[in-house]
Amino acid sequence: MSDRAILHSDANGFYASVEMALNPELRGKAVAVCGSTEDRHGIVLAKSELAKKAGVKTGMVTWEAKQVCPDLIVVPPQFDYYVKYSKLLHEIYSRYTDEIEPFGMDECWLDVTHSPMSAMEIAEEIRQAVKDELAFTVSIGVSFNKVFAKLGSDMKKPDAITEITRANFKEKVWCLPCADLLYCGRATSKKLASFGVQTVGQLASLSTDVLKHKLGKNGIMLWNYANGLDTSRVAHETYTAPAKSVGHGITCNEDLNTPEEAQKVIYALSQDIGTKLRQMGLRAKGVHLFVRDNTLNVAGWQALLSSPTQDEQTIASEAFKILGRNYLWQKPLRSLTVTAINLESADEPVQLSLLCDYSAQERRGKLHRAIDEIHELFGKNALFPAIILGENKMPHATHDEIIMPGWMNV
Amino acid sequence: MSSEKREAGRGKFVRTPIGVEAMFLPDGSFVPKKLWYAGKSFEIIRVDRVRKYSPWQVRAVATTEYSVIIDDVERQIYYEPDTNQWFSIKEVRT
């Protein structure tokens, strides 16, 4: 059987590149797309090549970025356009295959094994098409598995193609630091370094017993990756990974100083979670609450619900109880995230409890359906719980459509 | 002058909206036949090339480039579906 042909395409400085396509006067300048300082999202989301060369890094606070690069031009994000360009990129990829797996907004794996063209020919055509049609560049990795294809796209930037074959992977990949490997984050790299493993080659030559002992099953996964043994498939373009959780978080305009202020935010966040669960036909068996205080310390707690639910009020009330049980209010809160966890299908049978009033639950279900219809017709501000009324220190614009890279399909 | 050559030039480029009379074909595509600019109309003798191309010098979102012959000279005009606008690119010497 012939080897697989996998491409990984990565749009270079995606947000910044889109900004330059929309405003060509930014070309050739150090540009950073930064969140709003007023909404306290003032960090670098993406930067141009020149800004990168000047030392600007993603995640830097805006003033810090301006300090390292005084000529930096800061532009606000235009998420609608990023979604649009992400779809246009996808349209170019779909000319070659329908096995396209997105990894965030600007990265995709493509399986072109069954194409009559060679993988390198396709990569070259995609590179040129993106440049011509969208006026920015991509870097493409070509290999026989997803992990090396991704590694290839990171090796040469911008506007480049890197091929990693079975014949050359030891020479090209094994000299790289372990941290370059997918899913080998800071903590794993540090652990590997603690027993003298710095490069992918050193990782590949270790015994699997040692890795299993030190890193658990992730150790075996990384060993497979290092040895070119990743066999994960590229998902079909119509595939959507089943949701493991549904969450909604926000950084507030101002710090939250009291439980009452936090309660408003928790209830507001939970509205969207209930709606999403009903749209997806899922129920939550637990709730997770994540908080960040005004010194950026973070904490998270979770609790199981007495019965699975799609009800935002139940989720909000449980999240608020979690906060009451765990947070001592020594410092004001800066951001909150409520997540519905341990999801199951809404069609799954439930073990009924003698002590629960199920007729009330049924009535609530009917109420939700009516509320959802009103939201669909008149928008979500047409009807909401009275508890959210008044100033709730939440920014008005939210961006629900942004897909962040998570785990690839295996 | 081809798009690539124009990109290599110096000066400031401005996006100049133009009026276009087009023929719609049964497959839904269209071919520009005549264009209007500054109160004058120009007959398009033929369309030499149609391709998806967004020029780098001006704001252009996923545009289609038409290389057209007007008065025996090849020119590029662009159609942007996002704004439903036809435009050409004018170089302004600074």
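This is a predicted model: local features need pLDDT of at least 70, side-chain atom pairs count only at pLDDT 80 or more; totals for chains, interfaces and linings use all residues.
Residues are numbered from 1 along each chain as its sequence is written, chains are lettered from A and ligands numbered from 1 in the order in which they are written, and side-chain values use heavy atoms, with hydrogens and water left out.

Stay with chain B and switch to a cartoon view, which shows one helix and seven strands in the order α-β-β-β-β-β-β-β along the sequence; helices (H or I, at least four residues) and strands (E, at least two) are DSSP runs, numbered from the N terminus. Of the 94 residues of chain B, 36% count as buried, where buried means under 20% relative accessible area, exposed over 50%, and partly exposed in between, with a 1.4 Å probe and protein chains only. Then select D72 of chain B, in the loop between β5 (64-70) and β6 (73-80), where phi is near 65°, a positive value in a residue other than glycine; D72(B) is exposed, with a relative accessible area of 70%.

Move to chain A and select strands β7 (residues 138-143) and β8 (residues 160-163), which pair in the parallel sense over four bridges; two strands pair if DSSP finds at least two bridges between them. The chain crosses from β7(A) through helix α6 (residues 146-155) to β8(A), and this β-α-β crossover is left-handed, the right-handed case being the one in which, with the strands pointing away from the viewer, the path from the first strand over the helix to the second runs clockwise. To find one of the bridges, select G141(A), whose partner in β8(A) is T162(A).

Now select helix α6(A) itself, which is mostly covered, with eight of its 10 residues buried, among them K146(A), V147(A) and F148(A). At the start of this helix, a side-chain oxygen of N145(A) reaches to within 3.1 Å of the backbone nitrogen of V147(A). From K146(A), follow the polar contact of 2.7 Å that joins its side chain to that of E101(A); a polar contact is a pair of N or O atoms within 3.5 Å, and within protein one must be able to donate a hydrogen and the other to accept it, with residues adjacent in sequence counting only if both atoms are side-chain atoms. E101(A) lies in strand β5 (residues 100-102) of chain A and is buried, with a relative accessible area of 5%, and its side chain also reaches the backbone nitrogen of A235(A) at 3.0 Å.

Continue into the loop between α6 and β8 of chain A, where P158(A) is found and a cis peptide bond joins K157(A) and P158(A), with omega about -15°. In this loop too is D159(A), which has a positive phi of about 55° although it is not a glycine, and which is partly exposed, with a relative accessible area of 22%.

Finish at V287(A) in strand β10 (residues 282-293) of chain A, a buried residue with a relative accessible area of 0%. Its contacts, leaving aside neighbours within four places in sequence, include W301(A), L305(A), I315(A) and I341(A).

Notes:
Contact means heavy atoms within 4.5 Å.
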